[in-house]
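Trainee: Please show me how to read the packing in this structure. Start with the core, then the rings.

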Amino acid sequence: MLADFDRELRREAHPDGPGTRVERAGGVVRQVGPEHGWNGVIWSDLDARGADAAVAEQVRHFGALGRSFGWKLYGHEGPPDLGRRLLAAGFTAEPAETVMVGELAGTGRWAFEPPPGATTSCRWTPPARAAPSWRGWGSRR
């Protein structure tokens, strides 16, 4: 089921609104849209060797567009230290979210406790010294 979730909602994602497009670039799938819409990486398949370069490329890409952007990081994605690498690149971590993926048919009720830290969302905002069109959410260290 996790593989289906990744494939259907992340790797093969569809734009979520007018003026929005989904792009595949190397080991990432990103959503690019209007300045005030949600822009960011929705899926990644990175390894330890290429992760820093991939993060830097996304910072360059969205920076050239004048967009703040998020990076949806799920607990099962690699490399294991990607969250630390995002923080080192200037992202700020948002509160952890939990995504539950499972078969509910026949359970009769919701009888589970969500696992802690199943989803981490990070967002990057260009530095304050950038052009005024670089407004966005959060802040970069």
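**Core and rings**

Mentor: The largest nonpolar core has 16 residues; L46, V55, F69, W71, L82, L86 and F91 have the most contacts inside it. A nonpolar core is a set of buried Ala, Val, Leu, Ile, Met, Phe, Trp, Tyr and Cys residues joined through side-chain atoms within 4.5 Å. Buried means under 20% relative accessible area, with a 1.4 Å probe and protein chains only. The model is predicted: local features need pLDDT of at least 70, side-chain atom pairs count only at pLDDT 80 or more, and totals for chains, interfaces and linings use all residues. Numbering runs from 1 along each chain as its sequence is written, and side-chain values use heavy atoms, without hydrogens or water.

Trainee: Which element supplies the largest share of this core?

Mentor: In general, nonpolar side chains in soluble globular proteins tend to be buried together. Here α2 gives the largest share, five residues. Helices (H or I, at least four residues) and strands (E, at least two) are DSSP runs, numbered from the N terminus.

Trainee: How many aromatic pairs are there?

Mentor: Rings of Phe, Tyr and Trp (its six-membered ring) pair if their centres lie within 6.5 Å; planes under 30 degrees apart are stacked, over 60 edge-to-face, the rest tilted. The count is three. F69 and F91 have ring centres 5.5 Å apart and planes at 85°, so this pair is edge-to-face. F69 sits in strand β4 and F91 in the loop between α3 and β5, 22 residues apart. W71 and F91 also pair edge-to-face, at 6.2 Å and 90°. Both W71 and F91 are buried.

Definitions and conventions. Buried < 20%, exposed > 50% of the residue type's maximum accessible area, 1.4 Å probe, protein only.
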